[in-house]
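The structure comes first, and the description follows.

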Amino acid sequence: MADKSEAERGEDAKVSISPSIPSGNDTVWADVSSLFRLACNDLRSDELISGENFNLFAAMSALEIMDPKMDSGIVSTYYSVDEAIDSGAAPIPLSFDRTVDVQRVIDIMDHLLACEATWHKGGSLAQTVFSCIYLLRPERTSFHALLHSFCRVIRTTCNTVVSAVSDARTNEEEDLFTMAYGLPLKADGDDKCLSMLHAVEETISRQLKACKAPLSKRKVLEDVEPLQTNLDLEEGFCKAVLCRLRFRKHLYHVLTCMRRPQGKGLELAKKHITSCLCELDSMLKSAEFLRDHCACGTLEDGAEDKTTASGCQPIGFDSTLNSRSAAPTPPRAIKLLSWTKAVNYFQKLLHDLDIICSYSLDPVFEGALRFVVDFQKLQPDLVARAYIQLLLVQEGKLYGREPMFAVICRAALLPEGAKNHDVQKNETVGQLGQLLISLLRILCTNTAWQRRKLGKILQDWRIIYVQLELAFRKEFGDITNTSTDQNLCLKICKHILIWVEEQTYWIALRFLVLGFELELYSTSEYCMVYWYIYVILIKLAEKTHLKMMLSNDSTGRRKSKKKRDFVKDVGKDYQIPPSVLLLQCYIYIAEGLMMMLASLRNENKIFLCLGPFNTEQERFIQHFELLQKACLPDHASYFSFRETTAHARFSTLSEYNCFKDAQRMAKELRGNFANDPDRMAELRRIEQVAEHNCVALNLLCRLGTLEPSLKISFEFIHHPHFAVAAVKRS
């Protein structure tokens with residue numbers, strides 16, 4: 001290869017041997033820089049050199065040596081923990097001046113809070129919390145009661161969080177969250193961390209009481225040794241230390257109480273959450289005192305980015321110390337959250353956990369789904385999502401109480417006695433229960449992960465429907481029989497099959513609307529997206545209505561009534577259920593948006609799917625491939641979308657305004673959901689979307705064609721999934 005290059009390129013391609021590098025017995029060192037430069041000059045932008053031992057994967061996997069972000073060995077202050085300790089990086093005591101010692105301990109507490117919040121946000125445990133040298137050598141702090149007790153509760157809390165996230169398996173969303181890399185997450189005596197913390201807290205409480213006591217009582221308290229030597233600062237330092245210790249104590253109680261089986265610790269956890277939030281407020285209040293009396297002198301600008309309340313740099317930390325043993329891959333560069341942002345993070349985490357603890361543990365599956373979906377609107381972080389999943393699914397049961405077959409029977413509106421039927425022993429029914437557990441777990445993940453998993457699980461739900469139908473036919477005969485004397489087995493089979501279909505379409509709808517939250521759709525694609533939402537909503541409403549009609553039919557048979565009275569009342573007694581009418585509101589909105597966008601495309605030639613890379617049909621396949629593979633719904637395709645929208649015109653829309661129907665129906669439904677604040681809020685959002693789109697549609701119908709000065713856009717100002725058309729003059 002070298003000979004060929006020299007022949008073609010002449011003397012410029014000669015490879016010079018470097019005399020400064022000694023050759024081995026079987027090797028000769030050569031400078032190939034000129035050869036590389038020539039190869040680079042010959043390569044076009046879309047080409048790659050490929051050899052037997054070098055391909056694209058090898059190129060992407062290569063490490064950039066001497067780059068601090070990629071080379072785990074390039075930036076390191078110390079080569080080992082022992083070297084760091086011998087160099088005085090983590091002294092014990094932290095200072096022989098007791099006032100400075102307390103200040104430095106508080107700085108360590110605050111920096112560890114920032115490290116912990118950064119870890120919760122996806123950072124590496126080795127580069128955040130365990131960058132603290134005092135945590136890496138637990139035995140060294142035993143002579144410092146305050147620091148020792150705090151380090152123990154930090155380790156125990158981290159171990160509790162790792163356990164929760166690992167059990168919930170939400171760690172798959174993040175790269176490095178639960179990897180401990182052999183770090184000392186557990187140390188001898190950590191199980192007694194609360195008793196040690198309590199003892200230190202009691203001591204400091206007495207010190208605070210002593211410094212606040214009036215002169216007449218101070219003689220009685222003279223035997224209490226102060227926390228530090230400057231008595232003018234004693235009260236401020238005692239309060240600052242106490243609120244930090246108490247926050248740690250209550251946080252540990254929150255995390256452990258929420259792990260109690262069947263939600264038995266939720267009420268107690270709520271009380272500790274209230275205490276945690278109170279202590280965080282006290283920590284924020286102590287920041288001014290700590291800044292005014294910081295040991296590091298006058299603070300520079302940018303104090304809001306500091307990782308301590310005082311603004312001082314803490315001692316005893318080195319984020320590069322574990323870089324060589326931290327992971328099989330190079331560590332990522334991590335920027336710690338500031339102390340203020342860390343406090344804000346824990347405030348949000350506690351508010352999210354408080355919502356979980358306030359949940360009523362609704363035994364109805366639909367209620368559990370609504371709770372999880374509403375909870376996800378708060379954008380909870382990884383730890384909160386792990387705890388909601390651990391609450392929902394315990395030992396293969398809902399909340400650890402309800403067997404999955406009982407949950408399915410209740411969701412399918414079967415009579416109470418059906419949950420004890422032997423049909424639950426069927427293998428396919430057991431698989432359906434596992435699929436339900438998987439769905440709950442998926443709904444507890446982050447939005448991007450959730451959408452990806454929902455798309456994949458759709459096919460499983462379609463397959464389980466076919467398997468259930470075959471299993472029921474094999475065991476019980478023709479399940480489509482609707483005779484009035486059908487037995488309980490056939491009723492259970494029919495109800496479950498309809499519920500599985502309903503649930504499948506609910507998953508498909510969730511998959512579609514999450515695309516808006518992730519901003520996966522461009523405005524030119526809204527027409528096809530709303531068309532797909534429209535057809536899915538129709539099938540979902542159909543299955544939901546059918547399920548409720550079957551339930552009413554079963555209930556009606558159990559209640560004896562004279563035939564004459566029944567015939568007379570059946571017309572006026574039957575009403576479409578409010579939940580189905582709510583779905584009808586969505587159908588009207590989706591249809592209205594679809595037809596409005598289609599009319600704009602057909603008449604004004606805007607929002608067309610044009611581009612140099614993908615045709616409209618290719619985009620359709622890219623967005624809905626998983627739905628198409630699962631045949632949701634049957635016969636839905638790009639060609640049916642084109643057939644539906646090809647002839648849309650504003651003249652037709654003016655005669656049949658879907659938005660008016662949605663607005664009218666939403667107002668009528670208010671009385672049905674008067675006791676449900678969440679549904680009432682949703683109805684108000686639907687009304688706003690319908691009202692604004694109705695105005696925009698009337699304007700577009702009146703104008704016919706858009707003037708050049710008029711611009712139309714679609715914005716999500718009232719609802720996260722249904723856009724509002726805005727016509728503005730530029």
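## Surroundings of Val429

Val429 touches Phe405, Val423, Gln424, Leu468 and Phe472, leaving aside residues up to four places away in sequence; contact means heavy atoms within 4.5 Å. Val429 is found in helix 16. Helices (H or I, at least four residues) and strands (E, at least two) are DSSP runs, numbered from the N terminus. At 5% relative accessibility, Val429 counts as buried. Buried means under 20% relative accessible area, exposed over 50%, and partly exposed in between, with a 1.4 Å probe and protein chains only.

Of the residues touching Val429, Leu468 is one. The C-alpha atoms of Val429 and Leu468 are separated by 7.1 Å, with the two residues 39 apart along the chain.

## Basis of the model

This is a predicted model, in which local features need pLDDT of at least 70 and side-chain atom pairs count only at pLDDT 80 or more, while totals for chains, interfaces and linings use all residues. Residues are numbered from 1 along each chain as its sequence is written, and side-chain values use heavy atoms, with hydrogens and water left out.

Leu413 is found in the loop between helix 15 (404-411) and helix 16 (427-443). Although Leu413 is not a glycine, its phi is positive, at about 60 degrees. Leu413 is partly exposed, with a relative accessible area of 32%.

Ser551 touches Leu413 and His495, again not counting residues up to four places away in sequence. Ser551 is found in helix 19 (residues 526-558) and is buried, with a relative accessible area of 13%.

## Packing of helix 7 and helix 14

Helix 7 (residues 145-168) and helix 14 (residues 382-392) pack at an angle of about 60 degrees, and their axes are 9 Å apart. Axes are lines fitted to C-alpha atoms, for helices over the stretch in contact, and angles run from 0 to 180 degrees between N-to-C directions. Helix 7 and helix 14 are therefore oblique to each other. Angles under 35 degrees count as roughly parallel, over 145 as roughly antiparallel, 65 to 115 as roughly perpendicular and the rest as oblique.

From helix 7, Thr160, Val161, Ala164, Val165, Asp167 and Ala168 meet Leu382, Val383, Ala386, Tyr387, Gln389 and Leu390 of helix 14. The residues of this contact divide into nine nonpolar, two polar and one charged. Here Ala, Val, Leu, Ile, Met, Phe, Trp, Tyr, Cys and Pro count as nonpolar, Asp, Glu, Lys and Arg as charged, and the others, Gly among them, as polar.

The peptide bond from Ile92 to Pro93 is cis, with omega near -5 degrees. Pro93 is placed in the loop between helix 4 (81-86) and helix 5 (98-120).

The bond from Leu632 to Pro633 is also cis, with omega near -20 degrees. Pro633 lies in the loop between helix 22 (616-629) and helix 23 (638-645). His635 lies in the loop between helix 22 and helix 23. His635 is not a glycine, yet has a positive phi of about 70 degrees; with a relative accessible area of 79%, His635 is exposed.

## Totals for the chain

The chain has 26 helices and five strands. Of its 730 residues, 49% count as buried. Among contacts between residues at least 6 apart in sequence, 75% join residues at least 24 apart.
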